[in-house]
Amino acid sequence: MINEKDIQTRIAELLAEEGFNVVASETQEGFEKPAVFVNVYPTSITLENASMEQVTDSIEIKYIPAVETVEECADAAHKLRMIFMYKPFEVGDRRLTIQQIEFDIEACVLYAYFDLQYMQETP
């Protein structure tokens with residue numbers, strides 16, 4: 001069984017391995033740029049039967065560039081795509097894949113959103 005904290009930790013590890021400065025989501029100021037913040041939260045849980053559930057978790061990655069330009073955000077979006085889209089990644093005993101990533105740039109800050117769906121035994 002995996003949970004949102006396990007997924008958040010693994011995503012942060014993958015980002016750090018690729019050179020991103022991952023900052024705790026609770027940090028509001030005083031962090032070094034460029035910086036990445038990762039949030040994972042449950043979106044839905046469907047009880048499939050008495051022993052199995054389907055879980056959907058939503059992931060938000062916020063990237064604040066060192067030099068706040070759209071070009072740097074576009075480069076970061078490409079790196080995120082290469083990290084997450086084309087190969088599964090492991091969380092615990094699971095291999096998770098991403099089918100779609102949505103990107104948004106607001107005030108030269110990049111946001112990436114994707115969902116993860118997985119089946120697991122009920123608690």
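## Aromatic pairs

The count of aromatic pairs comes to five, where rings of Phe, Tyr and Trp (its six-membered ring) pair if their centres lie within 6.5 Å, with planes under 30 degrees apart counted as stacked, over 60 as edge-to-face and the rest as tilted. One of them joins Phe 20 and Tyr 63, an edge-to-face pair at 5.9 Å centre to centre with 90° between the planes. This pair links distant parts of the chain, since Phe 20 is in the loop between H1 and E1 while Tyr 63 is in strand E2, 43 residues apart. Both Phe 20 and Tyr 63 are buried, a word that stands for under 20% relative accessible area, with exposed meaning over 50% and partly exposed in between (1.4 Å probe, protein chains only).

The rings of Phe 31 and Phe 37 have centres 5.1 Å apart and planes at 85°, so this pair is edge-to-face. Phe 31 is partly exposed at a relative accessible area of 21%, whereas Phe 37 counts as buried at 6%.

## Source of the model

This is a predicted model, in which local features need pLDDT of at least 70 and side-chain atom pairs count only at pLDDT 80 or more, while totals for chains, interfaces and linings use all residues. Residues are numbered from 1 along each chain as its sequence is written, and side-chain values use heavy atoms, with hydrogens and water left out.

## The sheet

An open sheet of four strands has the order E1-E2-E6-E5 with antiparallel pairing, where two strands pair if DSSP finds at least two bridges between them; helices (H or I, at least four residues) and strands (E, at least two) are DSSP runs numbered from the N terminus. E1 and strand E5 (102–106) stand at the edges with a single partner strand each, so one side of each is left without a neighbour in the sheet. Twelve bridges join E1 to E2, and Val 40 has Ile 59 in E2 as its bridge partner.

## The nonpolar cores

A nonpolar core is a set of buried Ala, Val, Leu, Ile, Met, Phe, Trp, Tyr and Cys residues joined through side-chain atoms within 4.5 Å. The largest one has 29 residues, and those that touch the most other members are Ile 7, Ile 11, Leu 15, Ile 61, Phe 84, Phe 89 and Phe 114. The largest share of this core, six residues, comes from H2. Apart from it lies another core of six residues, including Val 23, Ala 35, Ile 64 and Tyr 111. Ring pairs also link Phe 84, Phe 89 and Phe 114 into a cluster.
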